[in-house]
Amino acid sequence: ALKLAEYRLLARHAGCRPILLLDDLFDKLDMRRVAQLLKLTGGDDFGQILITDCNKHRLQHTLSEAGAEYRLFNINSGKASL
């Protein structure tokens, strides 16, 4: 809730939609709350969202279930690839 409030405050102050970083989302929330958060952030109020996770399959499944449009990047040895 605090992160979303900060996002809205920054968006209002800057007049644009900042990038929202959700780091280790699955370590902090259970799957029901993750799904709710993805529904909340899936609207037009949010722009780019970066979600980090070490489990590629869990992330793909969760984003697909949410009906989210996403692009998955792998980071290996400091290099990003699709």
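Biologist: In which element is Thr-62 found?

Modeller: Helices (H or I, at least four residues) and strands (E, at least two) are DSSP runs, numbered from the N terminus. Thr-62 belongs to helix 4. Please note that this is a predicted model, in which local features need pLDDT of at least 70, side-chain atom pairs count only at pLDDT 80 or more, and totals for chains, interfaces and linings use all residues. Residues are numbered from 1 along each chain as its sequence is written, and side-chain values use heavy atoms, with hydrogens and water left out.

Biologist: Is Thr-62 buried or exposed?

Modeller: Buried means under 20% relative accessible area, exposed over 50%, and partly exposed in between (1.4 Å probe, protein chains only). Thr-62 has a relative accessible area of 7%, so Thr-62 is buried.

Biologist: With which residues is Thr-62 in contact, leaving aside its neighbours within four places in sequence?

Modeller: Contact means heavy atoms within 4.5 Å. With those neighbours set aside, Thr-62 touches Phe-26, Met-31, Val-34 and Leu-38.

Biologist: What is found just after helix 4?

Modeller: Gly-67 follows there, with a positive phi of about 70 degrees.

Biologist: What volume does the largest pocket have?

Modeller: On a 1 Å grid over the protein atoms alone, a pocket is an open set of points where a 1.4 Å probe fits, with protein on both sides within 12 Å along at least five of seven lines; lining residues have an atom within 4 Å of a point. Grid points are joined across faces, edges and corners, and a volume is the space filled by probe spheres set on the points. For the largest pocket, the volume is about 1,000 Å³. Of its 28 lining residues, Ile-49, Leu-50, Ile-51, Tyr-70 and Arg-71 are the closest to its centre.

Biologist: Which element gives the most to the lining of the largest pocket?

Modeller: Helix 4 does, with four residues.
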